[in-house]
Amino acid sequence: MADNLPSEFDVIVIGTASVNSITGLPESIIAAACSRSGQRVLHVDSRSYYGGNWASFSFSGILSWLKEYQENSDIVNEGPAWQEQILENEEAIALSRKDKTIQHVEVFCYASQDLHEEVEEAGALQKNHASVISENPTEAVHSAYLPSEDESLCIASCEMLTEQTPSSDLETALEISNVKVTGETEKHDDKTCMKSASEEETSKNVPTTEGTALQPKKTRITYSQIIKEGRRFNIDLVSKLLYSRGLLIDLLIKSNVSRYAEFKNITRILAFREGRVEQVPCSRADVFNSKQLTMVEKRMLMKFLTFCMEYEKHPDEYKAYEEITFSEYLKTQKLTPNLQYFVLHSIAMTSETASNTIDGLKATKNFLHCLGRYGNTPFLFPLYGQGELPQCFCRCKAIIDQFGQRIISKHFLVEDSYFSENTCSHVQYRQISRSVLITDRSVLKTDSDQQISILTVPGEEPGTFAVRVIELCSSTMTCMKGTYLVHLTCTSSKTAREDLEPVVQKLFTPYTETETENEEVEKPRLLWALYFNMRDSSDVSRNSYNDLPSNVYVCSGPDSGLGNDNAVKQAETLFQLICPNEDFCPPPPNPEDIITDGDSLQSEASEASVILEANSETPKESASLGNPEEASQ
Amino acid sequence: MHGRLKVKTSEEQAEAKRLEREQKLKLYQSATQTVFQKRQAGELDESVLELTSQILGANPDFATLWNCRREVLQRLEAQKSPEELAALVKTELGFLESCLRVNPKSYGTWHHRCWLLGRLPEPNWARELELCARFLEVDERNFHCWDYRRFVAAQAAVPPAEELAFTDSLITRNFSNYSSWHYRSCLLPQLHPQPDSGPQGRLPEDVLLKELELVQNAFFTDPNDQSAWFYHRWLLGRADPQDALRCLHVSRDEACLTVSFSRPVLVGPRTETLLLMVDESPLAVEWRTPDGRNWPGHVWLCDLPATSLNDQLPHHTFRVIWTAGDAQKECVLLKGHQEGWCRDSATDEQLFRCELSVEKSTVLQSELESCKELQELEPENKWCLLTIILLMRALDPLLYEKETLQYFQTLKAVDPMRAAYLDDLRSKFLLENSLLKMEYAEVRVLHLGHKDLTVLCHLEQLLLVTHLDLSHNRLRALPPALAALRCLEVLQANDNAIESLDGVTNLPRLQELSLCNNRLQQRMVLQPLASCPRLVLLNLQGNPLCQAVGTSEYLAELLPLVNSILV
């Protein structure tokens, strides 16, 4: 196959190709859009470590990712071979190999560890992860990543070079040699096929399950269990949800890419008040069923929400309050403090000071607008994690190993994390504080243990930001049975741990050995916790970068927002620059309408067969997009 | 562009679609024709099943074809072995499901499923319940499916508690569900049967309170959703009043006995609906309605033979037995008296509170409080206003009269589309109140002037009234039911908008009739007056017909016995 890689493409997407993520979401969308418009697209990756910031990891995967930062192992630049490739009329841009977007990584393990037990993730290559695990639950290993200057890959204004990176790690070596092609000879390989490559190879190393019977307490999850079940985890670096009427859902439906993804509805909106987690009634059915609201509150809340649905039609109701904050505005409405809190923090998801009346009304309206399309909350979560979404847009591809070849292209799409310090010397970045927790139960117990919840904890002091908590149950296919995967996100004011630990302490309690078995702990127990800061480049304008050629297009990393609108907007804008006057991600043609003649017969046949397959595998339980309109009488 | 798939244009697509449709129509029509031919020829075999399933699969609402299928299946039942039949039924059930997926609200399909299940020796009801649950998951308000579910639950003898839990789950998902609320109103009385003495169809207080809370949740969440208000009305309503004879009246002068019933009845000639016992011996009589139409009505009367009214005897007892209603009433005519009667008092029986229950006035009181609370938040919600009015009437119609009238005014302003209905309802309540006041005063004179009445109701309750004042209202007619006022002597109905006088007929004691300033235009409408034998004073001033030439002459001829006619 390697011999067949063409040397000319319309668009080259420089991304971090790995098993977990091909590229970031905006790049994937642009690549898919270009491909649908008949452009030849080449995905190139070069990183020697896992995924971009849109990636999702198994448990062993996240441990390897951590190791990268902890070992701080710089790859030595291997000489100026590429410089010979630059032609006279070309200009070289140095790309950074080293990702500097992640900082202040800290990991804690609270689950009990049996050191005598040899455990490893079923199907994982990774064996030596002891270095990131604290033996004493109260004293965690701390490691901070120090960025270093390392520029190894180059790009010329009209060419780029991919090369093999030397590496001692077998797994990463496999990864970096992948070049993914999207384009005229579309080949459809199935997601599960893609993953099975590494699964098959490693399955021989899996020790037969022997540990479960030895666990002293059946209900307690141990670290070795987490390691063993590590493949059940899909840990996203970015924690986002899809607004059910957001741009991304619209795009998934319009482009018919939705058939590659499955979603679950978020089941609950939660609030944390006076030390208690409670459910926020936000839909009509919630308000009806709520036991915590009085009758009069039910009416007040419904009345206010109904007004918000079409607030533009009633300017008299808010015109006088346009200058004040939304929080002040809510005080002027017929709402109890209880209800004001719900609307401000859990529905509009803003803060006391952040938004004015109009922004708050807009946010509330958006929330309500999304409600009820697929379920009782406005949000969807992709099964197997947010990391699935970029993949959905790149489902049509061939994998070709290729290195050391000169490739020509008209357009280059680069995520900003690839730029060297020289390029970014004038750029100011914001930071996102992130934490990922594995816990043993939900923050709010109900009849069903399969709840997906979002909880907003307002910042306590002025100047601190609200923390968004998303708790995923095992049926989202992101964590093992009996555990919950909890993502915390906020705009950074300090390091991730400093920003988020207070909230973690309020909601969870560290697992301790000393607990007696009968002791009923009210809060969920922490089994494992990870903190890190991620760079937020979403508001950096292209002009801030030094010396970018006009055919290099920049995608930002993930933003801190809950939805994905930012990525979609960015993708559409860049697509319009690359392919002016082309429809953005039109649906693929109906197989019946494809006119077959001669050459193209092959690829059309395979396209048709994929469509049929995809249609037949709609799962029962998860929300499938498409035609959700309410049945009416 | 390079690398892009070639795709049909929209015109090509449209043309392909059109051809496809044409082809389909041809097939459909020829299959239909074949089925009808075969049916006519009596060839009801499996080929008809095959043909009809092709058509019904595309259009399950073709009722005739379902009939065809039933005919075929009935015939095959006789011909086939049990095993073959079982296979046939299995196919039929599967086919019905596929039709329901085409149209989940197809009357024909659901009916056919009922029919089929009803004929099976061992129907799998559990599967049917599962089917209903699945269809209701897709559309929780599909009343066709609800109907079928009730059928299945009854056949399978599903415990009402389980079905109630099922309605719970659907109401939790979306309370705007008439079927689900209605089903509760059927299930709850089954679950909590009242002791024999108690009113049937009512709930014990603890259950009632729980239901009221549930339904309050609904109307505080969305007061504009009608389904919850309807259920609320049912919860507070009371069982239909028991059949009863409300009033019995005997008049010596007219040699006539009049009976008033609790509901409209039809007493046919030579039937045994009503038995009359005079002094404990049965008496055969001819029953008729006061207006002479003999339509179902509240009031029936009969002529009595002179022997039954012999004034020499100290008294006569008259007993009427209503066989269908299992009720009877007795009255006595004493020597020297012109009339005798026996009547249920509207005040004692609280007849006019029948919209809502009176047993639980504390419950009603607290319901009134919550509705008033809601009304403060939603001053323009018509359901809330109407419920407040009904609750006030149930609690104490006279005490709340003034407040009720204010709420009516608000209600009319917020719901002008139903202004006429509200006027009529208001008239009814005002009339009821006046009637109560009259009874408390123990008189037979009823003043209904200046009340803005638009309609007359409860006239069967006015059997004993002698003087009736209807002046200064907005009445447009004196309806036939007025003929029930057998004792009426003076009727004043000035200053209305009356156009017809159908009810002023056969009034044996009417002497004075005043109809000034109304809208009587045609002389013809005066015709009924001729049937009132004692009429001596008639005032028609201020009516259009007074302007017409020859009216006086016409009246003189029509009513020769009336000595004073003012036109």
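**A walk through chain A**

At 3% relative accessibility, A:C579 counts as buried (under 20% relative accessible area, with exposed meaning over 50% and partly exposed in between; 1.4 Å probe, protein chains only). This is a predicted model, in which local features need pLDDT of at least 70 and side-chain atom pairs count only at pLDDT 80 or more, while totals for chains, interfaces and linings use all residues. Residues are numbered from 1 along each chain as its sequence is written, chains are lettered from A and ligands numbered from 1 in the order in which they are written, and side-chain values use heavy atoms, with hydrogens and water left out.

Let's stay with the cysteines for a moment. A disulfide is a covalent bond between the sulfur atoms of two cysteines; here the test is a pair of cysteine sulfur atoms within 2.5 Å. The closest cysteine sulfur to that of A:C579 belongs to A:C34 and lies 4.2 Å away, too far for a bond. Over all chains, the structure holds zero disulfides. Another cysteine, A:C490, is buried too, with a relative accessible area of 5%.

Now step back to the whole chain. Of the 633 residues in chain A, 58% are buried. You can find 15 helices and 23 strands in chain A (DSSP runs numbered from the N terminus: H or I of at least four residues for helices, E of at least two for strands).
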